[in-house]
Amino acid sequence: MSKIVLTVDDSRTMRDMLRLALVDAGFTVIQAEDGEHGLEVMREGVPDVIVTDINMPRLDGYGFIEGVRADPQYRATPILVLSTESSPEKKMRAREASASGWIVKPFSPEKLVEAIRRVAA
């Protein structure tokens, strides 16, 4: 059975790129346009892995990660941050919110798939 990956990004282009890379690798992909939408989508199905951007309208990636972690059902769900940001402060803040890892955009589809397989194992 294929793993379900929830991608949360306000850029349609980025969502399309993620969907393409992940579907080609055999994952089932569900998508959300921002953190608020991501929390809504999670009520409909349980993702095995979450990939989220940080800079988004309505609810940013940090707030989204904290919202996910507030639900006991998702405490152990791996969350990878995919962002153009790469400062140590931002990474630390994501770790404090309980993100599992950080990938810098632009991303390599192979490295992304590898990271998802690693945290989903």
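1. A residue counts as buried here when its relative accessible area is under 20%, and as exposed when that area is over 50%. The model is predicted.

2. Helix α5 runs over residues 109-120. Its 12 residues reach 16 Å from first C-alpha to last, close to the 16 Å expected at 1.5 Å a residue.

3. Which residues of α5 are buried? They are Leu112, Val113, Ala115, Ile116 and Ala120. These residues cover an arc of only 160 degrees around the axis, so they sit on the same side of α5. On the other side of the helix, Glu110, Lys111 and Arg118 are exposed.

4. What covers the buried residues of α5? The cover includes strands β1 (4-8), β3 (49-52), β4 (79-83) and β5 (101-104). Helix α1 (12-24) is also part of it.

5. Lys105 belongs to the loop between β5 and α5. Is this residue buried or exposed? Lys105 has a relative accessible area of 12%. That is under the 20% cut-off, so Lys105 counts as buried. Its side chain makes a polar contact with the side chain of Asp9, at 2.8 Å. Setting aside residues up to four places away in sequence, Lys105 touches Asp9, Met14, Asp53, Leu82, Ser83 and Thr84.

6. Ser83 is in strand β4. Ser83 is buried, because its relative accessibility is 0%. The Ser83 side chain reaches the backbone nitrogen of Glu85 at 3.0 Å. Beyond its neighbours within four places in sequence, Ser83 is in contact with Asp53, Ile54, Trp102, Ile103, Val104 and Lys105.

Notes. Residues are numbered from 1 along each chain as its sequence is written. This is a predicted model: local features need pLDDT of at least 70, side-chain atom pairs count only at pLDDT 80 or more; totals for chains, interfaces and linings use all residues. Side-chain values use heavy atoms; hydrogens and water are left out. Helices (H or I, at least four residues) and strands (E, at least two) are DSSP runs, numbered from the N terminus. The expected span of a helix is 1.5 Å times one less than its number of residues. Buried means under 20% relative accessible area, exposed over 50%, partly exposed in between (1.4 Å probe, protein chains only). The arc is that of the directions from the helix axis to the C-beta atoms. Contact means heavy atoms within 4.5 Å. A polar contact is a pair of N or O atoms within 3.5 Å; within protein, one must be able to donate a hydrogen and the other to accept it, and residues adjacent in sequence count only if both atoms are side-chain atoms.
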